[in-house]
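Here is a briefing for a reader who is meeting this structure for the first time. Please look over the sequence and the model before reading the notes that follow.

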Amino acid sequence: MLEEPTAGPPAAEEAALLRWCDETWPWLYRFVYARVQNREEAEDLTQETFLRVLRGRRAAGDPVPGPFPPPAEFMRTVALNLIRDRWRRGRRDGVTVPLEESILLTESKDDAVVDRIWLQDLLNRLPLVYKEVLQWRLVVGCSRAETARR
């Protein structure tokens, strides 16, 4: 009787792949999270990194092209490229606001003036150090790391 070929990798290869994923996931997730500062986005990008690496190996035609497991530098590079792609896409496409929210966000000119006065009053009460941080982060556009160095 003929056995049907299995679609997946042999058990030893599958066990090695799972072990590699379990060992790689924590540090790769931390690496991505440190750059995006959003849990859901970091999880998505970490999964996408694994998917891209494994698909790339399969697309090369050789079940195991190159070293396995791939070097950490390669995994970081793939993750960084995905982060950059997402950032560029966000800049190009902008942020989508549902119609209901956009209707709620429209306010009268009087409300805007009151909000501005209220915000100015709050800012005036802040200590100088906090005002400087807001200046560097919001007006100048420095990253958190750049602001901390200043």
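The protein exposes about 12300 Å², of which carbon and sulfur atoms supply 57%; accessible areas come from the Shrake-Rupley method with a 1.4 Å probe, and for residues only the protein chains shown count as cover. This is a predicted model, in which local features need pLDDT of at least 70 and side-chain atom pairs count only at pLDDT 80 or more, while totals for chains, interfaces and linings use all residues. Residues are numbered from 1 along each chain as its sequence is written, and side-chain values use heavy atoms, with hydrogens and water left out.

**Overall make-up**

- The protein has seven helices and zero strands, where helices (H or I, at least four residues) and strands (E, at least two) are DSSP runs numbered from the N terminus.
- Of the 150 residues in the protein, 15% are buried, and here buried means under 20% relative accessible area, exposed means over 50%, and partly exposed lies in between (1.4 Å probe, protein chains only).
- Among the contacts in the protein with a separation of 6 or more, 52% are between residues 24 or more positions apart, a contact being heavy atoms within 4.5 Å.

**Helix 3**

- Helix 3, which covers residues 72–93 and has 22 residues, reaches 31 Å from its first C-alpha to its last, close to the 32 Å expected at 1.5 Å a residue; the expected span is 1.5 Å times one less than the number of residues.
- The buried residues of helix 3 are Met 75, Val 78, Ala 79, Leu 82 and Ile 83.
- Seen down the axis of helix 3, these buried residues fall within an arc of 135°, so they line one face of the helix, the arc being that of the directions from the helix axis to the C-beta atoms.
- On the face of helix 3 turned away from its buried side are the exposed residues Glu 73, Trp 87, Arg 91 and Arg 92.

**Nonpolar surface patch**

- A nonpolar patch on the surface, with about 840 Å² of accessible area together, is formed by Trp 118, Leu 119, Leu 122, Leu 123, Leu 134, Trp 136, Leu 138, Val 139 and Val 140.
- Patches are made of residues with over 30% relative accessible area and no salt bridge, with like charges joined within 9 Å and nonpolar side chains (Val, Leu, Ile, Met, Phe, Trp, Tyr) within 5 Å; a salt bridge is a side-chain nitrogen of Lys or Arg within 4 Å of a carboxyl oxygen of Asp or Glu.
- Helix 6 gives the largest share of the nonpolar patch, five residues.
- Leu 122 lies in helix 5 and is partly exposed, with a relative accessible area of 33%.
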